[in-house]
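Student: Can you walk me through this one? I'd like to learn how to read it feature by feature.

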Amino acid sequence: MIDLIAAKVFDPRFMGVVLTAVAAAATAFAVVQPFLETDTLAKRMKLVSDEREIIRRRERERLAPKATLRVAPKAYMKRIVEQFDLRRWLGTDTAKRKLLMAGYRGPQSETTFLFFRLVMPVVTTIGSAFYLFALDGLDQPYLVRFGLVIACAYGGIKAPELYLLNTANKRRAEIRRAWPDALDLTLICVESGMAIEHAFRKVSTEIAASSVVLAEELALMTAEMSFLPDRRQAYENLTIRVGLEPVKAVATALIQAERYGTPIGQALRVLAQESRDQRMNEAEKKAASLPPKLTVPMILFFLPVLFVVIITPAIVQSVR
């Protein structure tokens with residue numbers, strides 16, 4: 001048996017037939033294989049697309065009963081604003097800018113602001129007059145009462161503006177704390193090769209854990225960069241909505257980098273370092289101002305108690 005196999009192996013004619021058969025089979029397999037294989041990549045991409053569509057449909061159904069980004073103003077507010085033409089008399093550019101800085105966008109915000117700007121002075125005037133004159137809640141001369149009514153009316157006029165100012169200051173403080181971190185993330189994304197739009201979109205999702213307000217502003221700027229014909233307008237809108245000097249400096253650097261072709265990464269690195277230094281300086285300033293602020297509370301509250309604790313045992317012993 002072994003001799004027969006060895007004879008066949010060393011037989012040139014037999015080996016030629018075997019190699020020819022193997023070559024023919026390999027050729028046939030190479031020709032038929034593309035028709036037998038299934039497109040797994042296309043199937044996987046189709047599965048991913050279907051899953052994405054299912055998730056998108058589920059999220060839309062979940063968010064359907066909730067409030068949308070553009071909420072229609074109340075009917076009675078809109079009617080009063082249009083009837084008295086408040087946009088002409090009370091709607092100024094400064095008020096619109098304050099609404100944007102406070103995070104209120106859209107026509108419903110302006111309508112609500114104008115409505116309360118008209119209603120609050122009337123309510124405070126009528127309420128204070130009823131309390132001071134009808135209920136006689138303050139035993140003062142009529143001239144003093146009349147002055148208090150005027151002061152309440154002025155407070156009602158300024159109340160909506162003070163509310164917007166307070167809300168805008170809180171938003172600016174939150175953005176100021178998170179802005180250096182956002183710049184660092186943007187610098188990392190840009191130096192890794194991402195475009196500036198994709199970098200800001202990525203940062204808007206990552207920075208949401210520490211600052212929802214900054215994530216919202218960056219997402220809105222990214223959307224404006226995608227739809228507006230000029231990126232410069234999107235950067236300027238961001239500075240108007242935020243109202244901070246570090247943000248304005250970054251927007252100016254990005255505009256100049258786009259206009260003159262300078263590297264964005266270098267400018268972002270310098271601005272990020274400046275923002276971190278500024279945040280550290282503010283923290284050191286607050287720490288340095290703490291001892292003078294604690295002087296008066298210590299004199300009024302701590303030292304008397306300390307004196308009582310120290311002197312009381314000596315007084316008791318001397319009395320005994």
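Student: How many helices and strands does the chain have?

Tutor: Start by counting elements: this is a predicted model, and its chain has 14 helices and zero strands.

Student: On to helix pairs. At what angle do the axes of α12 and α13 cross?

Tutor: For a pair of helices, look at the axis distance and the crossing angle. Helix α12 (residues 245-260) and helix α13 (residues 264-288) have axes that come within 10 Å and cross at roughly 170°. Angles over 145 degrees count as roughly antiparallel, so α12 is roughly antiparallel to α13.

Student: Which residues of α12 and α13 meet?

Tutor: On the α12 side you have Pro 246, Ala 249, Val 250, Ala 253, Leu 254 and Ala 257. They meet Ile 264, Ala 267, Leu 268, Leu 271, Ser 275 and Gln 278 of α13. Sorted by class, that contact has 10 nonpolar, two polar and no charged residues.

Student: How do α8 and α10 cross?

Tutor: The axes of α8 and helix α10 (residues 212-227) come within 8 Å and cross at roughly 75°. Angles from 65 to 115 degrees count as roughly perpendicular, so α8 and α10 are roughly perpendicular to each other. From α8, Arg 171, Glu 174, Ile 175, Ala 178, Trp 179 and Ala 182 take part. Their partners in α10 are Val 212, Val 213, Leu 214, Glu 216, Glu 217 and Leu 218. By class, the contact of α8 with α10 has eight nonpolar, no polar and four charged residues.

Student: Speaking of charge, how many salt bridges does a search of the whole structure find?

Tutor: The search turns up 12 salt bridges. For each one you open, check the distance, then where the partners sit in the chain, then how accessible they are. Take Arg 117 and Glu 161, whose side chains meet at 2.6 Å, N to O. This pair links distant parts of the chain, 44 residues apart: Arg 117 is in helix α7 (residues 107-134) and Glu 161 is in helix α8 (residues 142-191).

Student: Are Arg 117 and Glu 161 buried or exposed?

Tutor: Buried means under 20% relative accessible area. Arg 117 has 17% relative accessibility, so it counts as buried. Glu 161, at 16%, counts as buried too.

Student: What about the salt bridge between Arg 276 and Asp 184?

Tutor: Those side chains meet at 2.4 Å, N to O. Here too the pair links distant parts of the chain, with Arg 276 in helix α13 and Asp 184 in helix α8, 92 residues apart. Arg 276 counts as partly exposed at 28% relative accessibility, and Asp 184 counts as partly exposed at 22%.

Student: How many residues apart are Lys 202 and Glu 206?

Tutor: They are four residues apart, about one turn of the helix, and both lie in helix α9 (residues 196-206). Lys 202 counts as partly exposed at 40% relative accessibility, and Glu 206 counts as partly exposed at 44%. Elsewhere, salt bridges that share partners join Arg 171, Glu 217, Glu 224 and Arg 241 into one network.

Student: Let's finish with single residues. Where is Cys 189 found?

Tutor: Cys 189 is in helix α8, and at 10% relative accessibility Cys 189 counts as buried. Leaving aside neighbours within four places in sequence, Cys 189 is in contact with Met 194, Ala 199, Lys 202 and Val 203. Phe 200 is 11 residues from Cys 189 in sequence, and their C-alpha atoms are 8.5 Å apart in space.

Student: And which residues does Ser 204 touch?

Tutor: Not counting residues up to four places away in sequence, Ser 204 touches Ala 215, Leu 218 and Ala 219. Ser 204 is found in helix α9, and at 10% relative accessibility Ser 204 counts as buried.

Conventions:
Residues numbered from 1 in each chain as written. Predicted model: local features only at pLDDT ≥ 70, side-chain atom pairs only at ≥ 80, totals over all residues. Heavy atoms only, no water. Axes fitted to C-alpha atoms, helices over the stretch in contact; angles between N-to-C directions. Helix = DSSP H or I, 4+ residues; strand = E, 2+ residues; numbered from the N terminus. Parallel < 35°, antiparallel > 145°, perpendicular 65-115°, else oblique. Contact = heavy atoms within 4.5 Å. Nonpolar A, V, L, I, M, F, W, Y, C, P; charged D, E, K, R; others polar. Salt bridge = Lys/Arg side-chain N within 4 Å of Asp/Glu carboxyl O. Buried < 20%, exposed > 50% of the residue type's maximum accessible area, 1.4 Å probe, protein only.
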